[in-house]
Structure formats: C-alpha cells, structure tokens
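I opened my notebook to get to know a new structure. Here is what I looked up, one entry at a time.

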Amino acid sequence: MVLIVGISGSKRGGSMTLTLVNDLLNACKKHGAKTERIDLAQVELPFFDNRESWEYGKEAERVSKILEKADGFVIGSPEYHGSMSGTLKNLFDLQDYERVLAGKPAAFCGVGGGRGRATNVLSHFLVVARALKMWAVPMALGTNHDDFDDAFRLRDKTLLDRADAMAKDLVKAASVLRK
Ligand SMILES: Cc1cc2nc3c(=O)[nH]c(=O)nc-3n(C[C@H](O)[C@H](O)[C@H](O)COP(=O)(O)O)c2cc1C
C-alpha cells in the first residue's frame, strides 16, 4: 500500500486549501492509499538560509522524515500575489530534495480569491516540480471561494470528479514509481 502525504501551504485557520487537501487525501484513501498530512498552519519551520538540511532543528527534521517516507504527495497552496505561499516554498527549499522529493509523483491544487482559480499557483507548481525532479500527475485542481459550501467543502460535482480522477492517477503513479 502506498503512502500519500498531503501538504497544505496555508497558515490561516479555517483554510480552504486545507479542506481541499483533505478532500484529495480522502479520495486517495478510496483508491487504496494510506495517507498522512502536514498542515503548515500547525508547524513552525525556520526560514531556509542555505545551511545544510540537517541544521534546522527537530521540527524541520520531523517534517522531512514524513516527506521522505512518502511515495507521493498532494500539495496545495493559496494564491498569494500571483504565486504559491512563501510558507510552502520555504518547505521545499528546506529539503534535501534529491533524497526527500525527487522521483516522486505529486497532485497539485490551489485556492484563489479571484476568478482565475489559482491558475498561477498551478503553473508555478509545474516549474518548481521540474526543479525538484518530481512527477506531476496530468491534472491539477484550481478553485476559488465560490467552489466551496458554507462548511468549506468542495460542492461542485465537476471538481469533485476531477479530484477523484487525480487521486486515482496519483495512487497509480506512486505504485509504479515507488523505490
Ligand atoms: C496577501 C494576499 C494575497 C492574495 N493574492 C491573491 C492573488 O494574487 N490571486 C487570487 O486569486 N487570490 C489572492 N488572494 C486570496 C487568497 O488566495 C484566498 O483568500 C484563499 O482562499 C486563501 O487560502 P486559504 O483559504 O487556504 O487560506 C490573496 C490573499 C491574501 C491574504
């Protein structure tokens, strides 16, 4: 059974990114994966300053160990000023990526406040994934506030179907690429 780790890149309480990541993780479970989650609202990481990856303390080490054991990732971010959150980018920068991230598949999702449905975040994820030598699954999930109900759950059937199809692809890719 593959392990899919979800990462929510929002520090806001009541984050829609977190609920989106949860929805995708639930869909991964349905398709046969084990899941864990890293909610960056609950984690205090130092800023990357170009030291070696093991020099950032116990919390950074704990998080890296969870990432390292993952076979694949669900990665979500709010769109802030046209890109992913600095919090999430910092998490990537802190990793010894060849050991922790490279060669693994990821399904990307984003939440924007505008009508564009976080399309910038989704595009920027592809550039960063390439630099980290990660495999992006073919589909991504872009949303805005209108796509959530009052309990902040995805309500649009098309988006729910897309989340399900992405999760299926991710679990399959994680099984094939598993080291
Ligand atoms: C500082 C800041 C910058 C933002 N920039 C954008 C943006 O460029 N494009 C956009 O669509 N939404 C933008 N938003 C809206 C957020 O992406 C949106 O509220 C999102 O739901 C936040 O994610 P969360 O619910 O997971 O915290 C911005 C919000 C903040 C606070």
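I began with valine 74, which, leaving aside its neighbours within four places in sequence, is in contact with Ile4, Gly6, Val21, Leu24, Leu25, Cys28, Ala107, Cys109 and Leu170. Contact here means that the C-beta atoms of two residues, placed from the backbone, lie within 7 Å. Before going on, I noted that this is a predicted model, where local features need pLDDT of at least 70 and side-chain atom pairs count only at pLDDT 80 or more, while totals for chains, interfaces and linings use all residues. I also noted that residues are numbered from 1 along each chain as its sequence is written.

Next I looked up the largest nonpolar core and found 52 residues in it. Such a core is a set of buried Ala, Val, Leu, Ile, Met, Phe, Trp, Tyr and Cys residues joined through C-beta atoms within 7 Å. Buried means that 20 or more other C-beta atoms lie within 10 Å of a residue's own (exposed is 12 or fewer, partly exposed is in between), with C-beta atoms placed from the backbone. Val74 is among the residues with the most contacts inside this core, along with Ile4, Leu24, Cys28, Ala107 and Leu170. I then listed the elements that give two or more residues to the core: β1 (3-8), α1, α2 (58-69), β3 (72-78), α3 (86-94), β4, α5 (119-131) and α6 (157-177). The most comes from α1, with eight residues. I kept a general reminder beside this: in soluble globular proteins, nonpolar side chains tend to be buried together.

**The whole chain**

I counted six helices and six strands in the chain. They are DSSP runs numbered from the N terminus: helices are H or I, at least four residues, and strands are E, at least two. Along the sequence I read the pattern β-α-β-α-β-α-α-β-α-β-β-α. Buried residues are 44% of the 179 in the chain.

**The strands**

I asked myself which strands β4 pairs with. With β3 it pairs in the parallel sense over six bridges, and alanine 106 in β4 is the bridge partner of phenylalanine 73. Pairing requires that DSSP finds at least two bridges between two strands. Two bridges join β4 to β5 (residues 135-136), again in parallel, and there proline 105 stands opposite tryptophan 135. Four parallel bridges link β4 with β6 (residues 141-144), where glycine 112 stands opposite asparagine 144.

I checked cover too: eight of the eight residues of β4 are buried. Pro105, Ala107, Cys109 and Val111 point one way from β4, and Ala106, Phe108, Gly110 and Gly112 point the other way.

For β1, five of its six residues are buried, so it is largely enclosed by the rest of the structure. Six bridges join β1 to β2 (residues 34-39), and the two run parallel. Serine 8 stands opposite aspartate 39 in β2.

**Around the ligand**

Last, I looked up the ligand and found 15 residues around it, of which Thr17, Pro78, Gly112, Gly113 and Gly114 come nearest. A residue is near a molecule if its C-beta atom, placed from the backbone, lies within 6 Å of it. At least two residues of this shell come from each of α1 (16-30) and β4 (105-112).
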